[in-house]
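Morning, everyone. Please have the sequence and the model open while I talk.

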Amino acid sequence: LISWLVFGMLYPAYYSYKAVKTKNVKEYVRWMMYWIVFALYTVTETITDLTVSWFPLYYELKIAFVIWLLSPYTRGASLIYRKFLHPLLSSKEREIDEYIVQAKERGYETMVNFGRQGLNLAATAAVTAAVKDFWLLSAVFLQST
């Protein structure tokens with residue numbers, strides 16, 4: 001886990017920072033391709049961890065793959081991005097954009113409905129507590145007189 005964090009996240013994050021700081025467009029593009037591929041890898045890894053983590057040397061292969069992705073010699077992330085991801089995303093871009101717009105709209109509606117339900121629950125709980133307290137206080141007051 002530590003080596004995955006160092007090689008997969010910290011090292012690329014630091015060099016991404018350097019690319020942004022120096023405004024080196026070539027390095028910026030390189031690291032953006034890495035992060036796009038790494039995001040896909042992370043999603044895939046979540047599924048494969050549940051299904052094939054029993055495979056011998058599975059974790060070692062994951063670390064080797066991440067090193068291959070970020071190595072300036074193999075340029076694995078660039079290769080995967082240019083050969084597979086860019087063509088795939090380009091062909092599906094309109095569909096993905098439409099799905100995101102729909103999800104945002106549904107997300108907003110869901111949050112509004114959730115907020116309404118939360119306020120209704122809070123109001124109901126407050127009224128119920130007030131009524132219970134009123135009857136409890138009334139009973140105590142009547143017993144004391």
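From the N terminus on, the elements of the protein chain run α-α-α-α. That is four helices and zero strands. Helices here are DSSP runs of H or I with at least four residues, strands are runs of E with at least two, and both are numbered from the N terminus.

A word on the source. This is a predicted model, where local features need pLDDT of at least 70, side-chain atom pairs count only at pLDDT 80 or more, and totals for chains, interfaces and linings use all residues. Residues are numbered from 1 along each chain as its sequence is written, and side-chain values use heavy atoms, with hydrogens and water left out.

Next, the whole chain. Buried residues make up 18% of the 145 residues. Buried means under 20% relative accessible area, exposed means over 50%, and partly exposed lies in between, with a 1.4 Å probe and protein chains only. The accessible surface comes to about 11,500 Å². Carbon and sulfur atoms own 70% of that surface. The areas come from the Shrake-Rupley method with a 1.4 Å probe, and for residues only the protein chains shown count as cover. Now contacts, meaning heavy atoms within 4.5 Å. Of the contacts with a separation of 6 or more, 54% join residues 24 or more positions apart.

On to the aromatics. How many aromatic pairs does the structure hold? It holds 14. Rings of Phe, Tyr and Trp (its six-membered ring) pair if their centres lie within 6.5 Å; planes under 30 degrees apart count as stacked, over 60 as edge-to-face, and the rest as tilted.

Take Tyr34 and Phe38. Their ring centres are 5.4 Å apart and their planes sit at 20°, so this pair is stacked. They are four residues apart in helix 2, separated by about one helical turn. Tyr34 is buried, at 1% relative accessible area. Phe38 is buried too, at 4%.

Phe38 also pairs with Trp35. Those ring centres are 5.9 Å apart with planes at 90°, so that pair is edge-to-face. Trp35 and Phe38 lie three residues apart in helix 2, about one turn. Trp35 is partly exposed, at 26% relative accessibility. One aromatic cluster includes Tyr34, Trp35 and Phe38, along with Trp31, Tyr41 and Phe65, among others.

Now for empty space. Rolling a probe the size of a water molecule over the atoms shows where empty space is left. On a 1 Å grid over the protein atoms alone, a cavity is a set of points where a 1.4 Å probe fits but cannot get out; a pocket is an open set with protein on both sides within 12 Å along at least five of seven lines; lining residues have an atom within 4 Å of a point. Points are joined across faces, edges and corners, and a volume is the space filled by probe spheres set on them.

A search of the whole structure finds one cavity of 30 Å³ or more.

The largest pocket holds about 150 Å³ of space. Its lining includes Val37, Tyr41, Phe65 and Ile80. Helix 2 gives the largest share here, six residues.
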